[in-house]
Amino acid sequence: MKGIIIKGIAGFYYVKTDEKVYECKARGKFRHEELSPLVGDKVEIVIENEKGLITEIFKRSTELVRPAIANVTQAIIVSAVKNPDFNTDLLNKFLILCEANGLNAIICFNKIDLIPKEELENKISFVKSIGYEVLCTKAKTGEGIDEIRKHLSGNVTVLCGPSGVGKSTILNNILGRDAMKTGDISEKAKRGKHTTRHCELLEIEGGYLADSPGFSSLDVAAIGKDDLQYCFPEFKNYQNECKFSTCMHYKEPGCQVKKALEENRINKNRYDFYIKTLEEILSRREWK
Ligand SMILES: Nc1nc2c(ncn2[C@@H]2O[C@H](COP(=O)(O)OP(=O)(O)OP(=O)(O)O)[C@@H](O)[C@H]2O)c(=O)[nH]1
Ligand SMILES: [Mg+2]
Ligand SMILES: [Zn+2]
């Protein structure tokens, strides 16, 4: 029987088939192959004595490490505009990972009740200048949730972002029921308390939507130095026009990306982040 893993907890995987959801274990061979089943995996299962066993994991179209989920087509990156504070570096890193995986990325600013309108407008124009779609929500009251719903049909979407930004609140609002537990953020540090501990796929609007645990760091070092520039969609109009075809838009002369930066057609924060990440990648690996 074929199915999709919708949840994994403590060594058990919940596999949805056309018939029903089966609690399954994974066959030992995966451990030897260092392949762990992920939520979102399409799998083959067999049922023996009422117990399910995953016997095969089909090839993944995408694979994220954080959150650990396979085969998603789209990520909604949830950022609270305040409480916890907006983290631009983390957003930039996650966008790189989305691009590297070929995922459609949408940015959702939540808790818009907590900052003045002008401040929100600044944040929105930053994201729009990169070229991504922005949605604004006040998940607590349901404001903006319909906009998110419109993007779900036919997609496998993951809600991701730091702890406490309101991912589970958004999901519950979309579903119209309390499917996931939500948690307060700490009064003092204004940080989330890592309420959600696992990824879980839920069927909605002819697609799937996954909640995921909040993360506080991301690693983009696995991306190749030559691939990094293609994770910045706003470079696209310039990167093939540089003097050198191998230009990394770093210290090379005749660079059109740097020219676009000087003329404010590329956001400085983003370019600086590109260079910072490139230097990190270069220093961590020996390129021969
Ligand atoms: N002021 C305000 N608070 C909100 C809003 N949306 C969610 N919250 C609150 O933010 C807190 C954290 O919400 P969660 O949905 O648990 O956050 P999460 O992103 O799922 O966090 P983790 O599961 O820890 O990763 C809760 O107290 C929510 O009530 C909003 O639009 N405005
Ligand atoms: Mg949560
Ligand atoms: Zn260049």
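A crossover between two strands is called right-handed if, with the strands pointing away from the viewer, the path from the first strand over the helix to the second runs clockwise. In this predicted model, strand E8 (residues 74-80), helix H2 (residues 88-100) and strand E9 make a β-α-β unit of that right-handed kind.

**Strand E9 and its partners**

- Strand E9 covers residues 104-110, and six of its seven residues are buried, so the strand is largely enclosed by the rest of the structure.
- E8 and E9 run parallel and are joined by seven bridges; within this pairing, Gln74 stands opposite Asn104 of E9.
- E9 also runs parallel to strand E10 (residues 133-136), to which four bridges join it.
- Ile107 has Val134 of E10 as its bridge partner.
- From E9 the chain crosses through helix H3 (residues 117-130) to E10, and this β-α-β crossover is right-handed.

- Ser168 belongs to helix H5 (residues 167-175), whereas Thr196 lies in the loop between H5 and strand E12 (200-204), so the pair ties together parts that are 28 residues apart in sequence.
- Residues count as buried under 20% relative accessible area; Ser168, with 8%, is therefore buried.
- Thr196 is likewise buried, with a relative accessible area of 10%.

Conventions: Residues are numbered from 1 along each chain as its sequence is written. Chains are lettered from A and ligands numbered from 1 in the order in which they are written. This is a predicted model: local features need pLDDT of at least 70, side-chain atom pairs count only at pLDDT 80 or more; totals for chains, interfaces and linings use all residues. Side-chain values use heavy atoms; hydrogens and water are left out. Buried means under 20% relative accessible area, exposed over 50%, partly exposed in between (1.4 Å probe, protein chains only). Helices (H or I, at least four residues) and strands (E, at least two) are DSSP runs, numbered from the N terminus. Two strands pair if DSSP finds at least two bridges between them.
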